[in-house]
Amino acid sequence: MNSIKPTSVNKTLPVKFTGYSNLVEALEYAARGDTGFNFYDGRGRLSSVLSYTDLRDQARVLARRLLSLGCEHGARVGIIAETEPMFHRFFFACQYAGLIPVALPAGIQLGAHGAYVSQVRRMLKSCGASIVVAPDTHANFMQEAVQGLDLLVAGKQEDFDALPQSDKDFVALSTDESAYLQYTSGSTSFPRGVEVTQKTVLNNLREIARYGLKLDTHDRFVSWLPFYHDMGLVGFILVPLISQLSVDYLGSRTFAMRPRLWLKILSENGGTISSAPTFGYALCAKRLRPSDIETYDLSKWRAACVGAERINPEPLQTFADILQPSGFDRNAFVACYGMAECVLATSFAPLGEGLGIDVVDRQLMADTGEARPADGDGASVSAYVDCGKLLPGFEFAILDKNGNKLNDRNCGEIHLKGSSVMRGYFKDEQSTRKVLSDDGWLNTGDIGYSIGNHLVITSRSKDVIIIKGRNIWPYDLEVLAQQTIGVKLGGVAAFSIGLGAHEEQAVLVVETKEKDQDKRLHIIEEIGKSVHEHFGINVLIDLTPRGTLPRTSSGKLSRSQSKQDYLARKTLEHVEKSAIRVVDKQPA
Amino acid sequence: MNSSTESISDQLAELLTQYLKQNWVKSPLSNKLITASTNMVTELQLDSFQVMEYMLEVEDHFDITVDLESLSNIHTIEDLAGVVAAAHQE
């Protein structure tokens with residue numbers, strides 16, 4: 001029978017958010033207490049416990065083994081980031097050994113063997129990894145991904161545990177050196193790794209802990225977010241670390257299969273802090289059974305953070321309604337805004353106040369970009385969620401197309417400057433220059449407006465297509481489509497259209513000269529199959545004759561114009577179809 | 001395909017048909033028969049969460065666990081039937 005017990009809340013150690021020059025020092029302090037990390041299996045049973053003390057001891061030993069490999073200070077270590085204690089051990093062993101950890105994706109879609117292997121391979125090449133480690137479940141995928149790459153070692157955990165311990169002194173990563181590389185959930189064809197320094201990560205952790213969440217000794221974290229996403233890694237490994245708090249983990253795949261386990265663990269362990277993108281709350285609400293609701297006690301859950309995509313209030317309100325009998329407080333919702341380029345978070349809505357909804361005139365906003373408060377509901381208004389004040393280390397500017405500062409309640413591009421803005425993308429000067437100015441302003445690419453010192457986000461990253469929490473770059477879809485026979489290079493436009501109130505549908509408009517009906521169908525099938533294999537999403541594919549996609553004067557394809565043309569075409573088709581139906585009804 | 005995977009395929013197809021019905025999944029195949037050769041990746045247009053939900057039903061129904069490597073190589077109902085049959089033989 002299972003006799004292990006999860007780590008408790010912090011009962012002994014004074015809370016200390018500051019005074020560290022790197023993550024090693026933060027771990028050394030936390031290791032003096034009795035808190036730590038708890039891992040739950042696919043049935044929601046506690047499967048392993050890793051206290052900060054054990055983590056410190058194990059990471060030190062593993063660091064000595066890694067040092068025996070003789071790689072240079074600052075070499076990159078790819079870790080396939082499954083929700084297992086192994087990830088923490090390797091991540092912190094790197095910190096002690098002066099190596100830079102890189103979390104690699106662990107999620108694999110149905111039938112996506114090849115796509116997954118090539119994704120991992122591209123990331124390993126991008127970061128120039130010297131070492132890669134994978135959990136047993138991913139070992140074969142890893143071996144395929146590293147074929148022909150110039151690596152020192154690629155192995156399983158046990159392979160590293162068999163290495164001798166070096167007696168060299170640790171030279172941990174210093175405050176201006178990297179803490180880790182964070183691959184953004186962006187383009188998979190051209191992966192970009194944000195270089196997160198020790199200083200920037202510690203700055204953001206301190207501000208999140210002190211001002212964003214106002215953490216205290218009785219807090220407890222619960223998470224199912226993957227460690228290869230910034231919200232999982234920073235929000236649920238590093239923020240707890242710097243606050244000396246305990247965390248309970250559920251695997252992401254387990255959550256996808258049994259989302260109710262999330263609430264069960266929150267209830268049983270008295271979790272106070274847990275985050276998810278909107279779709280996580282929606283999925284959970286959909287699969288709840290009425291009989292579960294009475295058995296949960298969610299009254300301690302004081303910060304239910306929502307972020308990672310534009311926040312849709314409706315599914316969150318449904319979640320709160322359904323779980324009211326479990327003691328869930330709708331005021332526990334905390335809207336957040338952030339990005340890997342700023343470590344994790346830049347703004348938090350005020351704690352304990354729930355979602356602040358700003359209702360504005362939809363037509364005026366579409367025509368002029370002004371977000372004027374409006375009464376009423378339905379089609380004439382749009383509702384946006386207030387993402388709160390920026391953390392103290394940050395300032396924002398909202399700029400129009402020409403770079404002019406906009407006044408309150410006018411939509412523009414959000415620029416941020418502050419204490420945890422990245423130094424740049426790893427070895428990618430060109431991409432860095434595109435988003436980061438010489439005086440430290442980051443162009444987030446997100447669109448929004450301000451109300452006093454509060455930020456409201458109206459759309460994330462102009463072009464990005466967000467489906468169920470996944471960011472998909474149109475460029476990646478276009479590249480895939482262009483690999484299909486019969487499709488012209490540069491003759492594809494990808495964008496998303498609204499599907500119902502809050503869902504998005506990806507659309508690909510594809511130029512082809514093919515007229516044969518069977519061959520046209522074949523093109524559509526091939527592209528659909530390829531996109532599904534690589535991204536696990538469905539696309540609408542619209543074929544159009546060559547030379548008909550709109551281009552700018554410089555010959556660049558215009559996605560926004562393509563979208564408008566597409567919508568106009570569809571509306572026309574709809575009108576024509578209705579017209580035919582009316583005609584059909586006429587008596588002969 | 002031997003007789004046991006054939007019968008497993010039939011059960012999987014039935015589970016999937018029920019799943020699609022219960023979840024109002026709009027699918028190009030919703031009016032067609034789901035068979036052993038139905039490609040779950042390309043023909044059914046299930047998103048990744050729906051796939052996991054269906055896989056959970058399959059795992060519970062047959063009392064097996066589908067590992068990641070198998071999952072990554074499954075395209076058709078018949079592929080899945082092969083995985084289920086292999087798990088049963090272990």
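This is a chat about a predicted model with a chain A and a chain B.

Biologist: What should I know about the model and its numbering before we start?
Modeller: The model is predicted, and local features need pLDDT of at least 70, side-chain atom pairs count only at pLDDT 80 or more, while totals for chains, interfaces and linings use all residues. Residues are numbered from 1 along each chain as its sequence is written, and chains are lettered from A and ligands numbered from 1 in the order in which they are written.

Biologist: OK, how many residues of chain A are in contact with chain B?
Modeller: There are 24 residues of chain A in contact with 18 residues of chain B, where a contact means that the C-beta atoms of two residues, placed from the backbone, lie within 7 Å.

Biologist: And which elements of chain A give two or more residues to that side?
Modeller: They are helix 4 (113-127), helix 9 (252-257) and helix 17 (517-535) of chain A, and helix 17 gives the most, with five residues. Helices (H or I, at least four residues) and strands (E, at least two) are DSSP runs, numbered from the N terminus.

Biologist: What classes of residue are on that side of chain A?
Modeller: The side of chain A that touches chain B has eight nonpolar, 10 polar and six charged residues. Here Ala, Val, Leu, Ile, Met, Phe, Trp, Tyr, Cys and Pro count as nonpolar, Asp, Glu, Lys and Arg as charged, and the others, Gly among them, as polar.

Biologist: Switching to chain B, what is its secondary structure?
Modeller: Chain B has four helices and zero strands, and buried residues make up 34% of its 90 residues. A residue is buried if 20 or more other C-beta atoms lie within 10 Å of its own, exposed if 12 or fewer, and partly exposed in between, with C-beta atoms placed from the backbone.

Biologist: Back to chain A, what domains is it divided into?
Modeller: Chain A is divided into domain 1 (23-258), domain 2 (356-459) and domain 3 (466-583), with bounds that come from an automatic or database domain assignment. The centres of domain 1 and domain 2 of chain A, taken over C-alpha atoms, are separated by 31 Å, and their contact takes 14 residues from domain 1 and 12 residues from domain 2. On the domain 1 side, helix 7 of chain A gives the most, with six residues.

Biologist: Which residues touch the most other members in the largest nonpolar core?
Modeller: Of its 177 residues, those are Leu27(A), Ile79(A), Phe90(A), Ala93(A), Val102(A) and Val334(A). Domain 1 and domain 2 of chain A both give residues to this core, so it lies between them. A nonpolar core is a set of buried Ala, Val, Leu, Ile, Met, Phe, Trp, Tyr and Cys residues joined through C-beta atoms within 7 Å.

Biologist: What about helix 2 and helix 3 of chain A, how do they cross?
Modeller: The axes of helix 2 (residues 52-67) and helix 3 (residues 85-97) of chain A come within 7 Å and cross at roughly 65°; axes are lines fitted to C-alpha atoms, for helices over the stretch in contact, and angles run from 0 to 180 degrees between N-to-C directions. By class, their contact has 11 nonpolar, two polar and two charged residues.

Biologist: Last one, why does Gln482(A) count as partly exposed?
Modeller: Gln482(A), which is found in helix 16 (residues 474-482) of chain A, counts as partly exposed because it has 15 C-beta neighbours inside 10 Å.
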